[in-house]
Number of protein chains: 2
Amino acid sequence: MPAPTDAELFDIGDLELQSGFTLRGAQLAYKTYGTLNADKSNVIVHPTWFGAWHDANEWSVGPGKACDPDKYFIVMPNQLNNGLSTSPSNTPPPFDGPHFPAVTFYDQVEAQHRLLTSKWGIESVELVLGSSMGAGQTYQWAVSYPEMVKRAAPIVGSSRTSEHNQVFLKSLRAALSLDPAFRGGHYSPDALPTQGLRAFARIYAGWGFSQAFYWGREYRSMGFSSLEDFLVGFWEGFWLDGRDPNNLLAMLWTWEHGDVGRTPGFDGDTEAALRSIRCPLIAMPARTDLYFPPEDEQWASQFIPNGEVRVIDTTWGHFGGLGLNVADNEFIEEALRELLDRPV
Amino acid sequence: MPAPTDAELFDIGDLELQSGFTLRGAQLAYKTYGTLNADKSNVIVHPTWFGAWHDANEWSVGPGKACDPDKYFIVMPNQLNNGLSTSPSNTPPPFDGPHFPAVTFYDQVEAQHRLLTSKWGIESVELVLGSSMGAGQTYQWAVSYPEMVKRAAPIVGSSRTSEHNQVFLKSLRAALSLDPAFRGGHYSPDALPTQGLRAFARIYAGWGFSQAFYWGREYRSMGFSSLEDFLVGFWEGFWLDGRDPNNLLAMLWTWEHGDVGRTPGFDGDTEAALRSIRCPLIAMPARTDLYFPPEDEQWASQFIPNGEVRVIDTTWGHFGGLGLNVADNEFIEEALRELLDRPV
């Protein structure tokens with residue numbers, strides 16, 4: 001699945017980042033579903049996960065679903081650095097490739113807020129939801145704009161990236177950077193570090209799905225005939241399919257440094273940031289997620305005044321929250337529906 | 001901690017491997033503790049884990065411990081490929097380095113059996129125990145020599161390497177092999193693929209200890225002051241400290257292909273091999289082990305006539321079974337003592 005070509009672009013102007021750099025003429029690629037109603041009261045925001053484009057979120061949208069385009073105006077902003085929005089791969093010198101400045105979850109939400117307010121004049125959002133890094137953006141929305149966000153549903157992701165999760169990310173970076181073709185990020189578009197991406201894929205494969213998933217060879221239900229077929233066909237295929245290494249490392253940086261406590265005004269105090277969330281929030285970690293284990297969300301939930309944790313009981317590990325498994329999607333769907341029906 | 005220099009060497013002669021190759025003039029490095037009694041009835045065998053030498057097992061030995069050298073004759077054979085026994089790093093051409101033939105757990109135990117029988121005329125073993133790959137060798141001993149092994153205690157390891165575990169191992173190999181200095185295994189001793197070993201270390205770091213271990217920053221109890229200090233000081237330090245990359249990959253191959261069902265006579269039938277074990281066997285997986293989860297041992301135990309599983313309730317993950325954590329050592333010690341006291 002190469003990058004989708006159906007995104008629209010919006011110029012959010014110059015965006016001053018937490019790193020101190022300014023992204024000049026930054027653009028967000030987005031797609032919308034449904035129609036914004038007259039009083040702009042039917043908005044859902046659904047940001048993207050690591051390495052994904054908006055199309056990876058489309059499983060959640062459809063008539064009769066919680067995210068029903070007949071009822072809601074659903075905005076899927078592609079996160080900065082995913083290759084469709086402003087990213088290392090599409091930025092001219094001097095901020096091209098490995099010279100692209102670091103972007104935080106706070107910055108991502110600032111960009112998305114500008115899209116919503118500048119383009120449509122939106123002042124309130126019925127629901128923010130997102131999986132994995134999308135969950136990181138969801139938490140950030142709830143902290144950055146507590147008056148604006150009415151409900152939040154972070155799925156298989158966290159408000160602060162745990163140290164264990166960081167180790168996983170550091171291992172991905174170490175492997176990808178080892179490929180001599182990577183050249184410190186100064187690779188040629190004609191000579192991508194494909195061996196590095198394949199190693200990256202193999203590391204990811206062990207983390208993405210659970211022990212039980214592999215034990216039961218559940219990859220067969222996805223159309224893969226053996227372990228090696230899955231590792232090459234699914235995992236290497238995914239990362240080799242139009243995903244730019246500098247973009248991946250830029251998103252990795254955002255993820256690794258995820259922490260709502262870094263929101264201006266909280267001075268690194270994650271607990272205080274979580275306490276500031278006003279809306280009802282249902283966190284949905286997956287029981288067998290190896291890098292976003294439910295314990296992280298149970299920890300965060302205790303500080304969120306209207307927080308709740310619902311664990312997805314799945315063997316699909318992290319991927320239980322990414323829309324690939326029908327049973328897990330139904331569980332998520334049920335929670336989203338209940339949350340949207342809740343008067344706030 | 002560099003390789004210990006207190007091992008003795010025994011020439012086990014030519015060893016025909018399951019791969020069809022013959023290791024000519026193979027040597028096992030070993031260390032013994034205590035004294036073999038007159039009727040040779042006080043033998044304990046304790047093989048080594050991945051990347052480790054016999055000294056990593058010494059935590060289990062001491063007066064008053066289950067493995068008491070005043071009572072038992074404890075033999076710690078270094079597994080082939082660990083750099084002290086015959087290995088890619090110490091074998092002359094044509095079987096040197098990456099040309100070294102593949103060694104299975106069955107082959108490892110054949111070599112160790114020859115040491116015990118040829119050197120000392122030992123015909124029975126009171127206990128075989130081992131952690132991680134040492135557990136793989138323990139299971140193999142119980143299957144290869146059911147008449148000889150009286151008790152077995154595999155710790156944080158399995159009778160058949162699961163597919164998920166294989167994915168972890170494949171990711172290690174992919175990362176190490178990426179380092180241009182690796183040169184397909186034809187690296188110079190003066191130019192080791194240290195960057196590959198560092199990436200290897202970072203991957204391993206995420207797997208070796210549990211999410212909860214990192215969440216609680218338990219590495220501080222090991223003398224490391226921050227996550228990065230732990231990753232470099234402990235993890236990179238461990239793999240850079242005299243561990244030869246070809247040796248590591250050779251051991252990795254043994255581990256990845258671990259399966260007692262490959263013992264001659266069982267034709268790949270792991271369950272039948274497990275059913276053939278005659279001795280009492282206490283498997284001790286760690287509750288939070290990410291690559292040898294307790295479920296694997298619970299699966300195996302159902303086929304072992306006298307099998308039992310005791311889960312080490314630890315946050316130290318796989319390393320809970322490697323002798324580093326006092327509380328976990330005491331749990332293991334208790335089980336070993338009970339097993340050794342059991343009349344058979």
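Reply: Start with a covered helix. The buried residues of α9(B) are covered by parts that include α5 (211-215) of chain A, along with α2 (133-144), α8 (270-275), β7 (281-283) and β8 (307-309) of chain B. Covering here rests on contact, meaning heavy atoms within 4.5 Å. Helices (H or I, at least four residues) and strands (E, at least two) are DSSP runs, numbered from the N terminus.

Me: What kind of model is this, and how are its parts numbered?

Reply: This is a predicted model: local features need pLDDT of at least 70, side-chain atom pairs count only at pLDDT 80 or more, and totals for chains, interfaces and linings use all residues. Residues are numbered from 1 along each chain as its sequence is written, chains are lettered from A and ligands numbered from 1 in the order in which they are written, and side-chain values use heavy atoms, with hydrogens and water left out.

Me: Why is helix α9 of chain B called mostly covered?

Reply: Six of the eight residues in α9(B), which spans 294-301, are buried. Buried means under 20% relative accessible area; exposed means over 50%, and partly exposed is in between (1.4 Å probe, protein chains only). The buried ones are P294(B), D296(B), E297(B), W299(B), A300(B) and S301(B).

Me: What makes the surface through which the copies meet the same?

Reply: Compare the interface residues. 100% of those in chain A are also interface residues in chain B, so the copies meet through the same surface. In contact are 36 residues of chain A and 36 residues of chain B.

Me: How much area do chain A and chain B bury between them?

Reply: About 3000 Å², with 75% of it on carbon and sulfur atoms. Buried area is the accessible area (1.4 Å probe) that two parts lose on being put together, summed over both. On the side of chain A, E163(A), L178(A) and W215(A) lose the most area to chain B, together 24% of what that side buries.

Me: Why is the pair R217(B) and E163(A) called a salt bridge?

Reply: A salt bridge needs a side-chain nitrogen of Lys or Arg within 4 Å of a carboxyl oxygen of Asp or Glu. The closest N and O atoms of R217(B) and E163(A) are 2.9 Å apart, so the pair passes. Across this interface the rule finds four salt bridges. The helix that gives the most to the side of chain A that touches chain B is α3(A), with nine residues.

Me: Is K170(B) buried or exposed?

Reply: K170(B) has a relative accessible area of 12%, so K170(B) is buried. K170(B) lies in helix α3 of chain B. Leaving aside neighbours within four places in sequence, K170(B) is in contact with R202(A), L227(A), E228(A), L231(A) and E256(B).

Me: What do D6(A) and K31(A) tie together?

Reply: D6(A) and K31(A) form a salt bridge, with the closest N and O atoms 2.7 Å apart. D6(A) lies in the segment before β1 and K31(A) in strand β2 of chain A, so the pair ties together parts that are 25 residues apart in sequence. D6(A) is partly exposed, at 36% relative accessible area.
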